[in-house]
Amino acid sequence: RFAHLNILRNSSFATLTDKDITQFESLLGPNGILTGDAVEPHNSDWTKKYHGHSKLVLKPKTTEEVSAILRICDDKRLAIVPQGGNTGLVGGSQPVFDEIVLNFSRMNQIIDFDESYGIITCEAGCILQDLHTYLNAKGYLMPLDLGAKGSCQIGGNLATNAGGIHFIKYNSLHANCVGLEAVVPGGRVLDNITTLRKDNTGYDLKHLFIGAEGTLGAITKCAILCPPLPKFRHLCLVSCRSFEQVLKILRSAKHELSDILQAVEFMDGNAMETTLSQLNFKNPFESRLYPFYALVEVASNREGTETPDRLYELLGSADDLIIEGVVAQDETQLSHIWQIREEIASAYIKRGYTLKYDLSLAPEHFYKIVDDTRDVISRSPTFTANEKHSIAVTGYGHIGDGNVHLNVCIPGYDDHDLQDRLSGLVDGYVFEYVRKARGSVSAEHGVGLQKAQYLNYSKSENMIHYMKEIKRVFDPHGIMNPYKVLPDAK
Ligand code: FAD
Ligand code: MLT
Ligand code: ZN
């Protein structure tokens, strides 16, 4: 009874045999495979919505081993799903049926750091937090930062083209990935590992693998351009009465602070209240709750009061827009405010079954879709008064980048009937809204299994045609992360 119920297993795929398992074990050694109960955590996703039935996890240590795996899988028509930290939010990193899981946790070596250009070269299984820690010690940081950094891997970040909280400052991984190594079905290695900033020798194939969600091949190594670590960071949290006031603060922050602006994030009152109560966090405004909140972070290498003064000036000039504001006075307060924002996702998953929508929308639609979704649910005859009361609708996200996270949450995970009625109503409503508003049905999380059938809401028929052609070039038998991203790819 899961989101993928209407999908049939592709009958051209082989079924894994004991002989296959023995072959993989002799290739990778006993530590290189998982079978039996050890596979189970790899069959389920972080949102507790998607569950596959794989019987085998492969844990290669080298690109050569990944190449041998993808040669065998292609020859035998064994379908395979790459899995990094398994923190993806769109059902992309688990098997749908019995696909083999390709796990990168043993490919976690930092290969080199080029101090002159600030470029790190590493294997795909490096945990994002570990890369930050390594780079911070050298006076640099990763251009990407997000709430799942303790578990997600750089390979998974690249495969999803993850955005995160510092996108407004450092841009996307398309901008910061200077080199990439990938292995495609059949086992060919596309070695484009380089630390050259500039290389205009024809088609830049690495960009096809960034954001492909493992449907074209496995990312095995990368080289990422890293900015210097700013020495001083300052963060404020402000509360507002209306969403329009938040937008005005965003505009001022972009104009007044552009050279030092590091992040502008947003959450509504429901997100704040749920995160504080589910995770037992301290309210920065004591017990007071407000309809809307914005976080503004600035950073620079300037010691003294100039940088924080500019933040205070912004708050002073926006006095009529802000109900109450707080500027973090030390690193502990700063981390606490960031933790509230970054753990909203965990708070809702703790509360219960959560429909997650990750949308790019113009400012006039950014919060309207949240209000409208709440209205649609409250007017629908499908739900009882009690059910309506229990459904939480919230909006938060990367307002500086026009990326709203709309979540609709039911307490607990047991009421399958309510889950089905809710997604039946809300999926159609939200995706249709986004199509009409010419937004994107996936701003940063990817398409995965969740949105494959809605790809045409944000991509034209001709674009999907060429996406399928590209898929066929790299993966003619469709064994790489099947059923994901492209509708009926095979
Ligand atoms: P997985 O979840 O394991 O995989 C994701 C996709 O990438 C799958 O399709 C998988 O097949 C593919 N893949 C993984 N590794 C490889 C590889 N080596 N080669 C080829 N394909 C591969 N996303 C954002 O963009 N911004 C956020 O702010 C953000 N915050 C988050 C906060 C939380 C608490 C959580 C749980 C998730 C968040 N995410 C966010 C979503 C998620 O996309 C990112 O966490 C991350 O990029 C996924 O990395 P992963 O290693 O866990 O990949
Ligand atoms: C976030 O910005 O918090 C993440 O993308 C996770 C989410 O959307 O819940
Ligand atoms: Zn996000």
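Colleague: On what conventions does the predicted model rest?

Modeller: Residues are numbered from 1 along each chain as its sequence is written, while chains are lettered from A and ligands numbered from 1 in the order in which they are written. In this predicted model, local features need pLDDT of at least 70, side-chain atom pairs count only at pLDDT 80 or more, and totals for chains, interfaces and linings use all residues.

Colleague: How many residues do domain 1 and domain 3 each give to their contact?

Modeller: The domain assignment, which is automatic or from a database, gives domain 1 (1–229 + 460–490), domain 2 (232–342) and domain 3 (348–436). The C-alpha centres of domain 1 and domain 3 lie 29 Å apart. With contact meaning that C-beta atoms, placed from the backbone, lie within 7 Å, the numbers are 8 residues from domain 1 and 9 residues from domain 3.

Colleague: Which element supplies the largest share of the shell around ligand 1?

Modeller: Ligand 1 is surrounded by 37 residues, where a residue counts if its C-beta atom, placed from the backbone, lies within 6 Å; the closest are Gly 84, Gly 88, Gly 155, Gly 156 and Gly 214. At least two shell residues come from each of β3 (80–83), α5 (154–160), β9 (218–225) and α13 (344–351). The largest share, 5 residues, comes from α5.

Colleague: How does the shell around ligand 2 divide by class?

Modeller: Ligand 2 is surrounded by Gly 147, Ile 344, Ala 345, Asp 358, Gly 397 and His 405. Ala, Val, Leu, Ile, Met, Phe, Trp, Tyr, Cys and Pro count as nonpolar, Asp, Glu, Lys and Arg as charged, and the others, Gly among them, as polar. The shell accordingly has 2 nonpolar, 3 polar and 1 charged residues.

Colleague: Which residue just after α10 takes a positive phi?

Modeller: In helix α10 (residues 269–279), Asn 270, Ala 271, Met 272, Thr 274 and Thr 275 are buried. These residues pack against β11, β12 (292–300), α12 (331–342), α13 and β15. Just after α10, a positive phi of about 55 degrees is taken by Asn 280.

Colleague: Is Glu 213 buried or exposed?

Modeller: Glu 213 is in the loop between α8 (206–209) and β9, and its phi is near 55 degrees, a positive value in a residue other than glycine. With 27 other C-beta atoms within 10 Å, Glu 213 is buried.

Colleague: How many C-beta neighbours does Asn 481 have inside 10 Å?

Modeller: Asn 481 lies in the segment after α18 (461–474) and has a positive phi of about 45 degrees although it is not a glycine. Asn 481 counts as buried, and its number of C-beta neighbours inside 10 Å is 30.

Notes:
Contact = placed C-beta atoms within 7 Å. Helix = DSSP H or I, 4+ residues; strand = E, 2+ residues; numbered from the N terminus. Buried ≥ 20, exposed ≤ 12 C-beta atoms within 10 Å, placed from the backbone.
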